[in-house]
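Please examine the sequence and the model displayed below before reading the briefing. The points are arranged by topic, from the chain as a whole to single residues.

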Amino acid sequence: MLQIPTTDLLINPDGSIYHLSLKPEHLADTVILVGDPDRVPEISWYFDKVEYVNRNREFICHTGKFRNRRITALSTGIGTDNIDIVLQELDALVNVDFSRREINPVHKTLDIIRLGTSGAIQPDIPVNSIGLSTYGMGLDNLLYFYNDNSINDIEMTDVFLEQSGWDLSNVRPYFIKGSEGLAKKFTEGVIRGITVTAPGFYGPQGRKLRINLADPAMITRLQRFRFNDERIINFEMETSALYALGALLDHNVLTVCALIANRATQSFCIDHKPVIKRLIELVLETICQ
């Protein structure tokens, strides 16, 4: 079997994967991802037992048990570039033999749920709602660096470009579906829809401070898109990469976000701790049913 080169699979001297600094035994089969490192202990506070704690750079990991289910809470930092690191290294932890540098003969699938904050774009969505991402719409280009575009819903992309009059010729969106199995577990308390993943917080999400926007009407174009029963509900910065890599690596992935702002109504919740608490409790209760 072909060995993975040392410069492709980076292993620390203690046998842990390079960025996450984890060994296979540190990782649970169910992983909750958060962007903010400070949110990891907010999740593990609910654990009946914390068995492992580790930190390297922005990647904080707490693994423990909640109602007899082993769960890893892990921070990713912000952006699709960090998701590329996290998803690849999580997959390597369960599907690569580090000592032999070979892919394991039997594939292991993880359940990965991103728990985050986001901004709604539809005027009817109340601030402090919880949004479930049925699809990730990527405005980033991460997917195009991998030689498999079969997971991209080409029809949805074509319809979007036609409907919206998309004006950013250098940005071709892609649409990836989240895990239907995980999504079905959330039977109430969520608003479902497409999540736009932007490669930045300001211009790529239609915010203007001192630099003019290439397309000032971008949010309006996103708001009016419809495909079957789907519409775009929110902006954030990780889901498209999470869904793309999860699909390519055969893991179950889903994003559930607190919608702490509404761009259409220009409203924002400064104190979003209560809705984050509600989101954490919802995710833990749902995945442990």
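The structure is a predicted model. Its protein chain contains seven helices and 14 strands. The radius of gyration is 19 Å, close to the 19 Å that the globule rule gives for 289 residues, so the chain is as compact as a globular protein of that length.

**Overall dimensions and packing**

- The C-alpha trace of the protein chain spans about 50 × 40 × 40 Å along its principal axes.
- Buried residues make up 54% of the 289 residues of the protein chain.
- Among contacts in the protein chain with a separation of 6 or more, 76% are between residues 24 or more positions apart.

**Surface and charge**

- The protein chain has an accessible surface of about 13,700 Å², and carbon and sulfur atoms account for 50% of that area.
- There are 29 positive and 36 negative side chains in the protein chain, and 5 Å separates the centres of the two sets.

**Nonpolar cores**

- The largest nonpolar core comprises 62 residues, and Leu33, Leu90 and Ile112 have the most contacts inside it.
- Another core lies apart from this one and has 19 residues, including Leu168, Ile194, Ile219 and Phe227.
- Leaving aside residues up to four places away in sequence, Leu33 touches Leu74, Thr76, Val86, Leu87, Leu90, Ile112, Ile113, Arg114, Leu115 and Leu242.

**Helix H6**

- Helix H6 runs over residues 239-249 and is mostly covered, with nine of its 11 residues buried.
- The buried residues in H6 are Thr239, Ser240, Ala241, Leu242, Tyr243, Ala244, Leu245, Gly246 and Leu249.
- Leu242, one of the buried residues of H6, is also among the residues that Leu33 touches.
- Asp250 follows H6 and has a positive phi, near 65 degrees.

- Val190 lies in the loop between helix H4 (180-184) and strand E10 (191-197).
- The relative accessibility of Val190 is 17%, and Val190 therefore counts as buried, the cut-off being under 20%.
- Val190 touches Ile130, Leu132 and Leu282, when residues up to four places away in sequence are not counted.
- Val190 and Ser133 are 57 residues apart in sequence, and their C-alpha atoms are 9.7 Å apart in space.

Conventions. Residues numbered from 1 in each chain as written. Predicted model: local features only at pLDDT ≥ 70, side-chain atom pairs only at ≥ 80, totals over all residues. Heavy atoms only, no water. Helix = DSSP H or I, 4+ residues; strand = E, 2+ residues; numbered from the N terminus. Rg over C-alpha atoms; globule rule 2.2 N^0.38 Å. Buried < 20%, exposed > 50% of the residue type's maximum accessible area, 1.4 Å probe, protein only. Contact = heavy atoms within 4.5 Å. Areas by Shrake-Rupley, 256 points an atom, 1.4 Å probe, with all protein chains shown as cover. Lys, Arg positive; Asp, Glu negative; His and termini not counted. Charge placed at Lys NZ, Arg CZ, Asp CG, Glu CD. Core = buried A, V, L, I, M, F, W, Y, C linked by side-chain atoms within 4.5 Å.
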